[in-house]
Amino acid sequence: MISSVAAFFISVQFMAAPIWLGPKPPNEVKRIVSLAPSMTELVFSLHEGDRVVGVTRYATWPEAVKTLPKVGGFIDPDIESIVRLKPDLVLSIPTSGGADRMRQIGKMGVSVLVLPAQTLEELWAAIDFLGELLGRGVEAKAMRQTMQKELDLLEKASSRRPAKRTIVALGHRPLVVAGPGSFVDSFLGALGMRNVVMRGGNFPQIDLEALVDFRPELIFDMTLKSEEEVQSFWQAIPMMGQDTKNNIVVLQDDALLRPGPRLVQGLKSLHLQLWGEP
Amino acid sequence: MNRFATLILLGLFLTLVFLLALGVGTSSVDLFAFLRPDEIVLRLRLPRVILAALVGAGLAASGVTFQALLRNPLADPYIVGVSGGAALGGIVALVLGVTSHFILPAFAFMGAAGSALAIFTLARWSGRSDPLSLLLMGVIFNAFAGALVTFVKTIVSATKAQEILFWLMGVIGVEPMSTLLGLGLYLLVASIVLVLFSNALNILVLGEEKALALGLETTSIRMACFLAAALMVGAVVAFAGMVGFVGLVVPHILRRMFGADHRWLLPASLLGGAGFMVVADALARLTFYCFGTEIPVGVITAFTGGPFFLILFCRKDRMFAAH
């Protein structure tokens, strides 16, 4: 009973709309502080990277972000360092820093855009929205359509063979996996994978017995640890079939962890690596 | 009922919950699975139940020791700052990229022993070795260690921070037999030391002056017991993270049954702690059926331990009188 109620709340996902906090943004946004690596990447791929004046410490792409001022992390963006950069737009996602902190920045006279991009649908909408905002509407639409088309192709290619029963691991000790509500879950189909974890929220923690009980055919390891460390972890698990142990896919870069412009490209190369065809 | 019989009963209780816990899993529940163990029970549950038992034994026995050493019924490794020190040591190891199951406990032990020594020497150096000052110093040290842990969590990558966070909440996983053997060995050495000094602990509880008057080498005995308890906490924290309140709840229930004689209390706490933790961990596995995700065992022990601590605190006059 409890579980079905919980599952209901977890499975219902609304497509959230962008929210503005603080004053209206200027007609031409010139100085952007981005509080999410995915948003930073979107601005850069719309060729407006030189407007970005501050990023979080988790920003890794493109190279240019490494020299930009850092204003904190996801949960602890620092208001003072943000305001000091004199931005005319703070670009955030619903999880950045907490609503109070975002409102506070708004009260300091800086426009804050909370742009949801936690599902594929939201990501497409976010690309269009950001494109319009930065005067790159045409490019944004083209980028979005290319991404969608390529994703469709991948899904079609994958649908030709039965999807592999997959566990997506995000942490080893304890074992944290991608659940049905996670962003990762939404693109597994394009990789020819089917998430066997059907409940437990975004990131359930499971034990080895549950893992074995799921009878995965493939393990998609997104912990971003070294190949050696990942292999030694999975090979040591008792009672997991040798077939599965030979099917450990180790994610090498963070492109797939972020709902940003590199997602589809990352999926394409992984698909190629897995199935040997586009 | 005499104490010997009670101890035997406690041993039987541990055996019973141990066997029943083998039947509780995230893929199936069959309380009598121990009668016809399959591969899942033997290879996936047995190591986990053994780890839970070892962790519980270590936490409860170190709790009894700290309570005697600090002459304070509220002292628990989690509360006096030793767990915090161990966690700090373990996190330093994680950040340095140490994942070896033999080196990680060494780091945690160094953290635990370091914090125990720091608290101990500071107390002596400042001439404040009364129970209250020691407890206060532990609390302050824990807060300090907590801040350092947060600091480390902030500067590492998001995935690593996540890993540390989960570990701090207390988790019982499946470890290879070699690891369990290693942990068992650490605990065995420490238990032998503590049981040998259990009579001395009885005298230490009477107070520094009385112990000295009775001709007890208080400083070296205190130090030996402190280090042995720190060894237990370090080894336990390295594998199970920060599991709180076991060292508080179990010794208190047992003190009701065995009185304050540490010659009985120490062996009893090893058995009782193991039993308590085996049950808590089995409950943690059951939560998987409700939520599709497992609640960390540290959360479960805190649910029982938190209210227990408060009740104890409100009745502290009676509890102090028991000493």
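In helix 6 of chain A, Met147(A), Glu150(A), Leu151(A) and Leu154(A) meet Val264(A), Leu267(A), Lys268(A) and His271(A) in helix 11 of chain A, where two residues are in contact if their C-beta atoms, placed from the backbone, lie within 7 Å, and where helices (H or I, at least four residues) and strands (E, at least two) are DSSP runs numbered from the N terminus. By class, this contact of helix 6 with helix 11 of chain A has five nonpolar, one polar and two charged residues; Ala, Val, Leu, Ile, Met, Phe, Trp, Tyr, Cys and Pro count as nonpolar, Asp, Glu, Lys and Arg as charged, and the others, Gly among them, as polar. The model is a predicted one, in which local features need pLDDT of at least 70 and side-chain atom pairs count only at pLDDT 80 or more, while totals for chains, interfaces and linings use all residues. Residues are numbered from 1 along each chain as its sequence is written, and chains are lettered from A and ligands numbered from 1 in the order in which they are written.

The axes of helix 6 (residues 137–159) and helix 11 (residues 263–275) of chain A come within 10 Å and cross at roughly 25 degrees, axes being lines fitted to C-alpha atoms, for helices over the stretch in contact, with angles from 0 to 180 degrees between N-to-C directions. Helix 6 and helix 11 of chain A are therefore roughly parallel to each other, a term that covers angles under 35 degrees.

Chain A also holds an open sheet of five strands in the order 1-5-4-2-3, with mixed pairing; two strands pair if DSSP finds at least two bridges between them. Strand 1 (19–21) and strand 3 (52–54) of chain A stand at the edges, each with a single partner strand, so one side of each has no neighbour in the sheet. From one strand to the next, the twist averages 30 degrees. Strand 2 (residues 32–34) and strand 3 of chain A run parallel and are joined by two bridges, and Val52(A) in strand 3 is the bridge partner of Ile32(A).

Helix 2 (residues 37–45) of chain A lies across strand 2, strand 3 and strand 4 (89–92) of chain A, running at about 140 degrees to strand 2. Helix 4 (residues 99–107) of chain A lies across strand 1, strand 4 and strand 5 (112–114) of chain A, at about 150 degrees to strand 5.

Between the chains, 26 residues of chain A are in contact with 26 residues of chain B. Helix 8 of chain A gives the most to the side of chain A that touches chain B, with five residues.

How values were computed. Parallel < 35°, antiparallel > 145°, perpendicular 65-115°, else oblique.
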